[in-house]
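This report walks through some parts of a predicted model.

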2 protein chains.
Amino acid sequence: VIDLVQRLLSGDKRAISRAISLVEDDDASGWEIMKGIHPHSGRAHIIGVTGPPGVGKSTLVDALAGEYRKAGKTVGIVAIDPTSPFTGGALLGDRIRMQRASLDPGVFVRSLATRGKGGGVSAATGSTAKILDASGKEVVIIETAGAGQSEVEIMRHAHSVIVTLAPGLGDDIQAIKAGILEIADVFVVNKADLEGAARTAKDLESALELRSRGPWQPPVLLTVARDGRGVGELREELDEHLAYLKSGPGWSERQALAALAEVQDIVARRLVREVGGSDSWEEAAPQVKAVAGREKDPYTAADELIQQYIRRIRSQDPAGRE
Amino acid sequence: VIDLVQRLLSGDKRAISRAISLVEDDDASGWEIMKGIHPHSGRAHIIGVTGPPGVGKSTLVDALAGEYRKAGKTVGIVAIDPTSPFTGGALLGDRIRMQRASLDPGVFVRSLATRGKGGGVSAATGSTAKILDASGKEVVIIETAGAGQSEVEIMRHAHSVIVTLAPGLGDDIQAIKAGILEIADVFVVNKADLEGAARTAKDLESALELRSRGPWQPPVLLTVARDGRGVGELREELDEHLAYLKSGPGWSERQALAALAEVQDIVARRLVREVGGSDSWEEAAPQVKAVAGREKDPYTAADELIQQYIRRIRSQDPAGRE
């Protein structure tokens, strides 16, 4: 594992891939890797790209990565692509994206298909972004395929969030309902060569005026990701947002929140495992069965299991443990 | 609280509202309520409705509730409506939906705007559905406004999941990418009076043929929720799915998984609080700060905090605690 971490830190693509897989499996060697890379993380500019399906997010991410490459920066991409038995999920996604990315050694692309495992997609996204960051990628782009609650959670891992829309995607209220607008640092109306793009941008700007103004006012940009129009301006805005964050308390606030979430998540997973005796919670099966059968409520069952755990700790010889 | 639970169990609307708010706040009285209602829950048929924005989910839910009312059943609706500073979030949603629902005392509608609090939207949805179930609603419909990862998690609270699509919502691959197709028990192509509905249904059926066949093969139905066409058939399919679940292991499997998730969630929240000394984790601030500053990795910090917690437990007089 130490050797793997060394190779990863030097940017070795195979080591990066292997490390992400081990961390996805959420076992002891995954933890060792995350421990090993932690001191080397916290340097990349992490950018989130979200928005409803069909707005051209993947194309935009490709074009944006190209702009950063032109500026001499290395790029990592984390694409969140829920597994689907219909398409083969992430596999297909990787294949399509890799065709482009494999031509450029300065870009590393990883699709995440995992779900529900060890803290869910949001935790896996955070770990993957952190590995890419530690491997020396100067920009890490997280792309999600949706516009719901989980996207809001995933976007917490980003320093700068791009919310992407496109003209003609149903009425605006529907897009606004998705509830992701308030997390945007930059808005992009992609497919700006289509009819109605100016209208969509104008509607967005009116909606933004209703919002209480913070020190950073999210700009609304028009892009045609397919041929790269407007993507250079997008990169400039992102650089400005990064400078804004670093000039004020924003940067360290985000680092502190990320650290809190990460530590709490590890504590929760470890103690839940301890309380249930194992990942499968076999020791707790009678209590869980009683809850399912309505003979016991879940709060009482949780209390009993915690008390059992506390008794186990007390009965152990402290000298032998410490 | 005991009085509130009694009134809630008898179906009192104000008591139901109040109980949901207390549980959303995630404090001690919320826990007492959840304890009190647990033995009375587990009876309702919980139905999830999901799908991309713009397919007419709210209209479909209204029409479906009407069908159940015609069949003499009481209905509870949980609408997940992320807060947005632009629309006023759930408030607006409640107002629009309540206009209809308030005409019928047999329907209770609640919009959930909370996020991130005490286990997030998924936990709040589960608690709200459980309160409506215990209050005597025979059918509880959960409606989500999205098609991402969180919707998959939210839908775990449902016995029967309806995935709603509509013709002309961009290319099919985009809809499939959302990864929610595999959780469907019933597919609905709504707005079936629009061009392309038959095509969308056919594409779906072809995609389903590629899937390994389980004992329940999800049907694809056409509806026009606006005027109620096809919604009666949808209710019949849902009744069949419920009968299918109850005739096999499906029903008790879902109850057992729900119980496990609920107990683990309570254990995690209680112990995370204990380890950090409070909800705000003030006692753990130095460790979290060290993680943010990269002087310590999060696994080591979590370990140290857990060890501190264990020492605290051991140093307490067991006789005084038990």
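In chain B, 6 of the 6 residues of strand β1 are buried, so β1(B) is largely enclosed by the rest of the structure. Buried means under 20% relative accessible area, exposed means over 50%, and partly exposed lies in between (1.4 Å probe, protein chains only). Both faces of β1(B) are covered: B:His45, B:Ile47 and B:Val49 are buried on one side, and B:Ile46, B:Gly48 and B:Thr50 on the other. In a regular strand the side chains alternate between the two faces of the sheet.

The model is predicted, with local features requiring pLDDT of at least 70 and side-chain atom pairs pLDDT 80 or more, while totals for chains, interfaces and linings use all residues. Residues are numbered from 1 along each chain as its sequence is written, chains are lettered from A and ligands numbered from 1 in the order in which they are written, and side-chain values use heavy atoms, leaving out hydrogens and water.

**The sheet of chain B**

Strand β1(B) belongs to an open sheet of 7 strands with parallel pairing, in the order β3-β2-β4-β1-β5-β6-β7. At the edges stand β3 (107-112) and β7 (220-222) of chain B, each with a single partner strand, so one side of each has no neighbour in the sheet. From one strand to the next, the twist averages 20 degrees. Helices (H or I, at least four residues) and strands (E, at least two) are DSSP runs, numbered from the N terminus. Two strands pair if DSSP finds at least two bridges between them.

Strand β1 (residues 45-50) runs parallel to β4 (residues 139-144) of chain B, and 5 bridges join them. In this pairing B:Ile47 has B:Ile141 as its bridge partner, and B:Val49 stands opposite B:Glu143. Another 4 bridges join β1(B) to β5(B), also in parallel; there the bridge partner of B:Val49 is B:Ile162.

**Salt bridges**

How many salt bridges does a search of the whole structure find? Over all chains there are 28, a salt bridge being a side-chain nitrogen of Lys or Arg within 4 Å of a carboxyl oxygen of Asp or Glu. The table gives some of them.

| Pair | Closest N to O distance |
|---|---|
| A:Glu262 and A:Lys130 | 2.8 Å |
| A:Arg269 and A:Asp265 | 2.6 Å |

A:Glu262 is in helix α11 (residues 250-276) and A:Lys130 in helix α6 (residues 120-134) of chain A, so their pair ties together parts 132 residues apart in sequence. A:Glu262 is partly exposed at 22% relative accessibility, whereas A:Lys130 is buried at 9%.

A:Arg269 and A:Asp265 are 4 residues apart in helix α11 of chain A, about one helical turn. A:Asp265 is partly exposed, at 26%. B:Asp239 and B:Arg235 are likewise 4 residues apart, in helix α10 (residues 231-247) of chain B. Here B:Asp239 is partly exposed at 26% and B:Arg235 is buried at 18%.

**A contact between the chains**

Helix α12 (residues 285-292) of chain A and helix α11 (residues 250-276) of chain B have axes that come within 8 Å and cross at roughly 115 degrees. Axes are lines fitted to C-alpha atoms, for helices over the stretch in contact, and angles run from 0 to 180 degrees between N-to-C directions. A:Val288, A:Val291 and A:Ala292 meet B:Gln255, B:Ala256, B:Ala259, B:Leu260 and B:Val263, where contact means heavy atoms within 4.5 Å.
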